[in-house]
Each structure stands twice: as C-alpha cells, then as structure tokens.
Amino acid sequence: MFLALRDLRFARGRFLLMGTVIALISVLAAVLTGLSSGLARDGVSALRALPVTHFAFQRGVEGDLYSRSTVPADDAAAWAKRSGVRRAAAYGNQLAHAKVARTGQDLDIAVFGMDPGSFIAPRPATGRPLGAVPDGVLISSRLADDGVKVGDTLRIERSGAALPVIGTVGDQSFTHVAVVYAPLRTWQRVHYGLPGTPPEQAYHQATAIALDAAPSVTRAGDAQVVTKEKSYSASPGFAAETATMTLIKVFLYLISMLVVAAFFVVWTVQRKGEIALVRALGGFARYLARDAVAQVLAVLVPATAAGTAAGIGITAALHAASRTVPVALEAAPLATAAALLIVLGVLGAVVTLRRVTSVDPLAALGGSR
Amino acid sequence: MTATATRAGLTLSGVTLRYGAGDTLVTALDGVDLTVGPGEVVAVAGPSGSGKSSLLAVAGALIAPTEGTVAVGGADVTAATPARRTALRRAGIGYVFQSANLLPSLTARDQLLLIAHLAGRVTREDRDRADGLLDAVGMTAKASRRPHELSGGERQRVGIARALMNRPALLLADEPTAALDQHRARDVVALLAGQARDRGTATVLVTHDEGLLGAADRVVRIRDGRMN
C-alpha cells in the first residue's frame with residue numbers, strides 16, 4: 001500500500017473522477033435493485049406471505065397457472081394424507097373489479113379464497129378473522145390506505161356478490177393489485193363470475209391445492225406440483241418484469257467492470273516507466289500486483305458504499321413521495337449489488353494486471369542499448 | 001584492484017551479450033572482463049552504442065549474459081532465475097539513473113523509504129537511515145518535496161541517496177549527469193564518488209562526458225562491446 005496510497009493522493013483528481021463514476025453506477029444499481037425488489041414485492045408479496053411450500057395445479061395447464069388452473073377443492077383432504085405433506089388446503093385466486101358500496105370507488109383486486117379454518121387463512125391485523133361473518137373478507141392494508149374501511153362492502157362487478165370488509169392484513173399484493181382474502185365459498189362465487197346463484201359444481205372448485213410439504217413432493221395423479229418460488233413466474237408479468245430488470249442490471253455490471261478495467265489500463269500504461277523503475281529497484285511483480293489491487297479496492301469500496309447509500313436515500317425518498325412507485329429496500333439484494341460491483345471492479349482491474357507484471361525492468365535503463 | 005575476487009563488488013569474466021539471431025544478430029558485449037573492488041570507483045567511457053548500457057544491464061542483474069560469468073558482492077548471478085535477480089537487485093545493487101528517475105508521487109524521503117518497503121516493513125532504523133542519507137547528500141531541508149518541486153541537481157542527489165539506501169555492494173550509475181549542466185554535473189559526480197568511497201561501495205560510473213572521468217579511481221574505455 002506504500003506506493004498505492006501515495007499515488008492515490010498524488011493523482012487524486014483522476015481517482016476522484018473514477019470514484020465518482022463508480023459511485024454514480026452504484027446509485028443506479030441501488031435504485032434498480034430497489035425497483036426490482038419493489039416490482040417483485042408488488043407482484044407476489046401475497047404469495048410469499050402464504051405459509052406454503054408448493055402448489056398442486058391442474059395438470060397440463062401452462063403459463064398463467066393462477067388464472068388457468070382449476071382443481072377439485074375436495075382434493076385437499078387426499079393431499080393431506082400423502083406422505084411428505086404436512087398440511088394441505090384448497091386455494092383460490094381470482095382477479096376482479098369491485099366497487100366500494102359507500103364511496104363508489106372502483107378497485108382492482110385479487111381475491112384469494114381459503115377455508116377460514118385452514119392453515120393458509122391469514123391472521124387479521126385489525127378486525128375479525130375470516131369466517132366470523134358470512135362472506136366477510138380481510139383486505140390488504142393498501143386498500144385501507146386508499147380509504148376502504150372495516151364495515152364497508154365491496155361489490156364485485158358482474159356477479160354482484162357483496163363482500164363485507166371485516167378486517168385488514170398487511171400490505172399484500174398479487175400482480176400489482178391489492179389482495180382481498182375471502183372464505184373459499186365466497187371466492188367460488190366470485191370465480192363463477194355470473195349474476196345469480198352459481199350451479200352446485202362451482203362450489204367444488206379451487207385454483208390449486210396449497211401444500212406445506214417436504215421438498216421431495218413432486219407430482220401425483222391429476223396435478224402438477226410447483227414450488228411456491230417457481231410459481232411466481234406463473235403469475236402475470238412477473239417473469240417479464242424480472243427478466244427486464246435482470247437484463248438492465250447485467251448491462252450495468254458489465255459497464256462498471258469495463259469502466260474500471262479501462263481506467264486501470266490507461267493508468268498502467270501511463271506509469272509504465274515508473275513500474276519498470278520499481279522492478280529495477282528490486283520490486284517483485286507480486287508486490288506491484290498487490291499494490292494495484294489495494295489501489296482498486298481503495299477506490300471501489302468507498303465509492304460503492306457512498307453510491308449505494310445515496311441510492312438507498314433516493315429509493316426511500318421515492319417511496320415516501322409516492323406509494324404507487326413500486327420500490328422496496330431489502331438488505332440482501334442491495335448488499336449483493338454492492339458486492340458485485342466491487343468484485344467485478346477488482347476483476348476488471350485484475351485483467352489489466354498482466355500489463356503491470358509484464359513490464360521489463362530493463363526499460364528503466366532507458367532502452368536496451 | 002586491491003580486493004580479492006570473492007570480496008569484489010563486481011566481477012565480470014568473459015562476458016558476451018548478443019541480441020537477435022541470424023542477420024539481425026547484434027553483439028553488444030564481446031568478452032568483457034572487469035573487476036571493481038569495494039570502495040573503488042570505475043568510470044566506463046565510450047561513445048553511444050558502444051555497449052555501456054548493456055554492461056550496466058548485465059552487471060545490474062537485469063539481463064543474463066550470453067556467455068561468461070557475473071558475480072555481485074561475491075554471489076554468482078550468471079544463471080539466476082528472474083525472481084532471484086529481483087531479490088538480488090533489491091538487496092545488493094544500487095542504481096543511479098539518467099535524470100534521476102524518481103517516482104512522481106513520492107516525497108524525497110519516501111523515495112528512500114520505498115526501497116525499505118520493497119524489502120518488507122519500514123522500521124525506525126530505516127527511517128533514521130533515510131534521514132542520514134538525505135543529510136549526506138544535502139537534501140534534509142527538502143526531504144518532503146516531490147520531484148516536480150526539485151531542480152535537476154537536487155533530484156539526482158535524491159537518486160544517489162536512494163541508490164545507497166539498501167547498503168548495496170555495487171552502485172551502478174547510468175549517465176547520472178545527462179540532464180545537468182557542467183557545474184552541477186561535477187558536484188553530483190563528486191558526491192557520488194565520495195559517498196561510494198566512504199561506504200566502501202564498488203561503483204561503476206557510465207558516462208560519455210570526458211570532463212567527469214577525473215573523479216574516478218580508474219577509467220576503462222569501451223568500443224563496439226570490447227574493453228581495452
């Protein structure tokens with residue numbers, strides 16, 4: 001670090017510029033990470049919150065499983081008896097439009113259906129639990145923030161089903177709309193979708209059987225078993241959103257790596273004479289390489305830390321300014337992004353190390369005369 | 001010439017150095033014999049292209065000779081590996097380059113301490129030695145200046161102090177006065193020779209400036225890679 005630190009101080013203008021570029025990239029990486037966490041949360045937070053390991057969907061259905069799959073709700077009992085399955089419950093998922101009876105406010109909602117006594121029934125944060133009132137539903141706090149109150153009635157369009165709001169849960173959403181938890185029978189009516197009394201068979205349907213099971217459970221009989229995490233990409237838009245964000249981030253990481261590599265190539269070429277001199281004075285190539293890596297770290301770590309901190313600040317401000325911007329601050333993805341920037345930066349610099357270690361000390365004599 | 005071969009700072013015997021092959025074969029050194037004893041200052045004079053710098057490169061363990069043997073401070077370095085050469089340069093050889101060749105980011109004092117740092121940790125003793133050497137070359141007052149804040153003569157003084165930092169058995173000076181005027185050139189060479197004699201360091205001073213040869217104990221001339 002002897003020479004590395006002194007070079008840093010001496011050429012502080014250049015290193016500051018380089019550090020600023022890295023910091024700005026880190027800001028962008030942090031904001032994108034926040035956005036991508038936020039999109040994922042908006043897309044599948046209600047699924048994440050379910051105490052479920054797998055879903056057994058209808059066999060042969062592909063793509064948007066949550067809207068296309070239909071299974072017999074009664075299968076839950078048989079599933080519960082299978083080896084490796086601890087608990088099983090019928091689960092319904094239906095996107096719907098609703099109107100708040102009191103205010104006339106229009107809402108897009110995702111109705112999750114489950115038997116009130118089943119293991120997937122949520123515990124209310126306020127109000128009463130599922131089943132306390134016939135057709136009574138729990139709403140995501142997001143709807144409560146939008147002015148829907150306990151005691152209001154949600155009227156589902158077309159079917160006309162009236163759902164009294166009896167309680168709230170946390171901020172849960174599915175494919176960017178707020179979730180409403182309904183008793184399975186109520187859900188079945190919403191799912192049937194037409195005015196009037198549904199036929200008896202409508203009351204035997206569910207989207208999937210939610211399982212709490214050992215990892216070994218795969219598929220059986222008429223069902224395809226998908227882990228909860230894999231099922232996220234079966235929710236509308238999730239795979240496309242995730243892939244887009246990943247693509248942007250990959251390019252960002254590549255750019256940052258190339259910027260660092262380019263900087264150090266120029267920096268090394270500029271100092272070729274000095275490197276030759278240190279080699280002639282008896283400095284090992286290893287010494288110079290270690291020095292170079294230390295120098296990269298001394299720039300990358302503070303720059304990335306500062307940029308990430310600023311990015312977190314911006315993300316938090318965005319979130320505070322508008323709750324509709326889908327951003328979320330999660331420690332693990334942010335730490336991963338920062339670590340990746342540092343690791344790739346060091347890699348970019350290491351690629352240029354060959355230029356440092358291959359300098360011929362003879363060059364210090366001013367040519368091989 | 002009073003020293004025995006084993007105690008000699010530098011012994012070159014039958015050293016030949018060739019570059020290239022076939023039509024482009026260049027014989028830079030041709031059967032050179034040279035022994036420099038401790039504290040002895042030998043000036044090597046010759047026109048440019050005569051092989052002076054090749055002599056320094058071989059004597060300084062920067063390149064291996066094609067034929068012959070090279071010993072520095074009693075250690076045979078003829079067939080040493082590149083890593084061994086690096087270690088030898090660090091421990092046993094001091095260089096004074098053309099136009100000083102200082103590192104731009106380091107203060108005068110740090111130029112010396114870098115030598116200690118290359119060998120490991122910088123100790124209290126290293127700092128004392130650096131200060132002592134800066135004092136010996138008259139640079140104490142400017143110890144914390146960087147090269148761009150020093151004159152050519154001052155830079156070369158720091159260069160000499162740096163070359164002595166590792167207590168070398170052999171001091172090699174490559175046209176150390178190339179960037180200086182006559183007056184300063186004399187001062188610098190006198191300083192170099194004086195320090196070498198005081199410290200018992202075998203010294204090879206390569207120069208094409210005939211006016212500076214008087215400072216040496218002995219002058220050898222080189223032409224077309226041959227010594228006479």
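Okay, let's start with two helices in chain B: from α3(B), the residues B:Ala108, B:Arg109, B:Leu112, B:Leu113 and B:Ala116 meet B:Asp126, B:Ala130, B:Leu133 and B:Leu134 of α4(B). "Meet" here has a cut-off: two residues are in contact if their C-beta atoms, placed from the backbone, lie within 7 Å. By class, that contact has 7 nonpolar, no polar and 2 charged residues. Nonpolar means Ala, Val, Leu, Ile, Met, Phe, Trp, Tyr, Cys and Pro; charged means Asp, Glu, Lys and Arg; the others, Gly among them, are polar.

Quick housekeeping. This is a predicted model, where local features need pLDDT of at least 70 and side-chain atom pairs count only at pLDDT 80 or more, while totals for chains, interfaces and linings use all residues. Residues are numbered from 1 along each chain as its sequence is written, and chains are lettered from A and ligands numbered from 1 in the order in which they are written. When I say helix or strand, I mean DSSP runs, numbered from the N terminus: H or I with at least four residues for helices, E with at least two for strands.

Back to that pair. Helix α3 (residues 108-118) and helix α4 (residues 124-136) of chain B pack at an angle of about 135°, and their axes are 9 Å apart. Axes are lines fitted to C-alpha atoms, for helices over the stretch in contact, and angles run from 0 to 180 degrees between N-to-C directions. So α3(B) is oblique to α4(B). The cut-offs: under 35 degrees is roughly parallel, over 145 roughly antiparallel, 65 to 115 roughly perpendicular, and the rest oblique. α3(B) passes α4(B) in a right-handed crossing; that's the near helix turned clockwise from the far one by less than a right angle, with anticlockwise being left-handed.

Now another chain B pair. Helix α5 (residues 152-164) and helix α6 (residues 182-199) have axes that come within 10 Å and cross at roughly 15°. Which makes α5(B) roughly parallel to α6(B). This crossing, α5(B) past α6(B), is right-handed. On the α5(B) side you've got B:Gly153, B:Gln156, B:Arg157, B:Ile160 and B:Leu164, and they meet α6(B) residues including B:Arg184, B:Asp187 and B:Gln195. The contact splits into 5 nonpolar, 3 polar and 4 charged.

What does the record say about chain B? UniProt, in an unreviewed entry, lists "domain: ABC transporter" at residues 10-228. The UniProt positions use the numbering here, feature names are shortened, and annotations may be inferred rather than shown by experiment. Over residues 10-228 of chain B, the chain is 34% helix and 26% strand, and the end C-alpha atoms are 18 Å apart.

B:Asp209 is in the loop between β8 (202-207) and β9 (218-223) of chain B, and B:Asp209 touches B:Thr177 and B:Ala185, leaving out residues up to four places away in sequence. Phi of B:Asp224 is near 50°, a positive value in a residue other than glycine.

Over to chain A. A:His176 also isn't a glycine, and has a positive phi of about 70°. A:His176 sits in the loop between β9 (173-174) and β10 (177-183) of chain A.

For helices, α2 (residues 12-49) and α8 (residues 238-270) of chain A pack at about 170° with axes 10 Å apart. So α2(A) is roughly antiparallel to α8(A). Their contact has 18 nonpolar, 4 polar and 2 charged residues.

The unreviewed UniProt entry gives "transmembrane region" for residues 250-269, 296-319 and 331-353 of chain A. Residues 250-269 of chain A are 100% helix, with end C-alpha atoms 28 Å apart. Residues 296-319 of chain A are 100% helix too, with ends 34 Å apart.

Last thing, where the chains touch. How many residues does each chain give? The contact takes 20 residues from chain A and 25 residues from chain B. On chain A, the elements giving two or more are α1 (2-10) and α9 (272-280). α1(A) gives the most, with 5 residues.
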